[in-house]
Amino acid sequence: MSAVSLAKERIHRVPTPEGMSLPFAVASVGDRAAAFLLDLMVIMAGTIAVWLVALLGSLVGLASVGVSFALLVGFLLWNFYFVHFEITGGGVTPGKRKMGVRVISRDGGPLTAEAVFARNLMRNLEFYLPVTALLAPGALLPESPGWGQLLALGWIAVFALMPFFNQDRLRCGDLVAGTLVVKAPAAVLLSDLSDRATVRPAMRPQPTGRTGPPPPPPPAEEFPFTREQLDIYGIHELQVLEDLLRRDDQGTLDTRVLEDVCEKIKLKVGWPVDRWQVSPRPFLQAFYRAQRAALEQKMLFGQRRERKKS
Amino acid sequence: MTAPAFTLKSAQFRREREEAWRELEGLLFRVDTRGLRNLTAGELNRLPVLYRGAASSLSVATAISLDKNLLDYLTALVGRAYICVYGAKRRPEEAVIEFFRHDFPAVVRRYFAFVALSFALVALGVVAGYQMTKADPERYYSFVGESRAQGRTPAASTKELRDVLYSGGKGQLSIFATFLFTHNAKVGMLCFALGFAAGVPVIFLLVYTGLELGAMAALYASRGLGAELWAWILPHGVTEIGALCLCGAAGMVLGSALVFPGRHTRLRNLALHGREVALLAVGAVVMFLVAGSIEGFFRQLVQDVGVRWGLAAITLIFWTWYFLMVGRKNGAQP
């Protein structure tokens, strides 16, 4: 997993029987569209394959059987592909799995087959009908005048673009079935940054200019921070720093960013001038540990400071 | 004064529980990739225990830890475990049997008023189409489109009209039947979905189907072929029109749930009814399959008017019995 996401997400809370409220992050329209396109590609590939089989069948004299088979399987693919996978896979189709999203029931109950049917039957209105209208506008209302067709097109567009009109990104099918598509990230538990003495140091080639093995993590006393110095930043800044350090761990961060941040923090907390020259990485790791300890301790006493004092 | 240098409480907390989280993660991975049946009985017993442990870990972690990665990880883990532990676990084959033996007829009965309304709309269309075409045969052209008529117009001779009814063939029947089934099922499902547009297009579709039928009946009746036309239509028509009416009823339920939310919020009401009436549409797809087979095979192979009437009567009796009687013994509604 790359960076820890710090972007604002819309959270849907589901009450569990244990009396917790579980947060689920609402999936973005982009992720959902990508998942849908992936599934669509599978369906199209399947349709083509089935018609190829029918073609082969006609070569050996089974034209009638082949075409019926292709018609039937094509129908099932286009109309029950999503239903099948969402029922058997617990709200996940291959495309959704790839994009890390899944369907849940909005009220927190199990995702029933009824709900899956309802949400996927609506695709007729949201996708198949608009596509027909776009590809062949005349076929929709054959005998109506041009302005009538335009009006119908606008009406259909409202249904197709429904996810853009509400905060939970619900499409018509989700509205009818009481479902919601949420992020289901394959979260990876990384090492605890405050626990560096017990884990191996970052395993990556050092950036230019430095040779030899990386220095072992310094004992905390090397960077003694005072209570006052740790009283400046809040939780948000701590987690931004965590994000930076983790990206540095994975080698996806420019060292100059680390240096910049180090300079800024030293200025902000009033780091003693006589010890100004520090190497950024150990300094920031020590600062993270001290800052987290201070904020967590405060939190235990009921003071949760979200942001730095402005 | 310097900050304390001991191990953080949150780090300590994590060290003590991490093993259980990893175990849960492993089990969930196996369920996701190979299904629940892949777990042994012992592992199945562990799953809820581990889930509850992780859930309580998440509660504690939100209170004491500021490690964003840890919080994200636990949130995702508990969410996955929750879905796995509380997700519906009915075997597909059981669900299918239950659907036909209870759910489908029960939901038809529950929304009986809407089903009846659907039938009334189609009947209204038939009567109106029949009377109007009878009064002025030229109106036939405005009710039945050219592609639907396929030569069956007032301009055609009586012999041509009659030939259509007995033009059975033996080739390509399976293609014909499959085409009819898929086409009708698509129309039916669209009819359900259109209910979301406040139900108006559904009403239009139902009445229009009736008008078409009525106009055609008037045309054939004017040549003295009325009874033979109905014998041609009804063997599959009973099932097909029934299925269309179910889809129409489902669409109208959707529309009315949206327009008249009652004591729930509009969103909740829509979801409540939407899930139930989706079953109507799914059941209707099966009925379209039956109708398509009758139309594609039986009608093409059997020319005898008496046998045709017989099958029409049998399907009518069967569906009436099925929707009114089946699934009542289970008593309590789900």
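A:Asn120 touches A:Phe82, A:Val83, A:Glu86 and A:Arg171, leaving aside residues up to four places away in sequence; contact here means heavy atoms within 4.5 Å. This is a predicted model, in which local features need pLDDT of at least 70 and side-chain atom pairs count only at pLDDT 80 or more, while totals for chains, interfaces and linings use all residues. Residues are numbered from 1 along each chain as its sequence is written, chains are lettered from A and ligands numbered from 1 in the order in which they are written, and side-chain values use heavy atoms, with hydrogens and water left out.

A:Asn120 sits in helix 4 (residues 113-121) of chain A; helices (H or I, at least four residues) are DSSP runs numbered from the N terminus. A:Asn120 counts as buried because its relative accessibility is 6%, and buried means under 20% relative accessible area with a 1.4 Å probe, protein chains only. Its side chain takes part in the two pairs below. The table lists polar contacts, that is, pairs of N or O atoms within 3.5 Å; within protein, one must be able to donate a hydrogen and the other to accept it, and residues adjacent in sequence count only if both atoms are side-chain atoms.

| Side chain | Partner | Distance |
|---|---|---|
| A:Asn120 | A:Arg123, side chain | 2.9 Å |

Next comes the interface. Chain B brings 72 residues to the contact and chain A brings 80 residues. About 6400 Å² is buried between the two chains, and carbon and sulfur atoms give 67% of this area. Buried area is the accessible area (1.4 Å probe) that two parts lose on being put together, summed over both. On the side of chain B, B:Leu66, B:Phe196 and B:Arg275 lose the most area to chain A, together 13% of what that side buries.

The interface holds 2 salt bridges, a salt bridge being a side-chain nitrogen of Lys or Arg within 4 Å of a carboxyl oxygen of Asp or Glu. A:Arg292 forms a salt bridge with B:Asp67, with the closest N and O atoms 3.7 Å apart.

A nonpolar core is a set of buried Ala, Val, Leu, Ile, Met, Phe, Trp, Tyr and Cys residues joined through side-chain atoms within 4.5 Å. The largest has 128 residues, and those touching the most other members include A:Met122, B:Phe192 and B:Phe196. Helix 11 (residues 226-259) of chain B gives the most to this core, with 15 residues. Another core, of 28 residues, lies apart from it and has B:Leu66 and A:Tyr288 among its members.

Key:
Helix = DSSP H or I, 4+ residues; strand = E, 2+ residues; numbered from the N terminus. Buried < 20%, exposed > 50% of the residue type's maximum accessible area, 1.4 Å probe, protein only.
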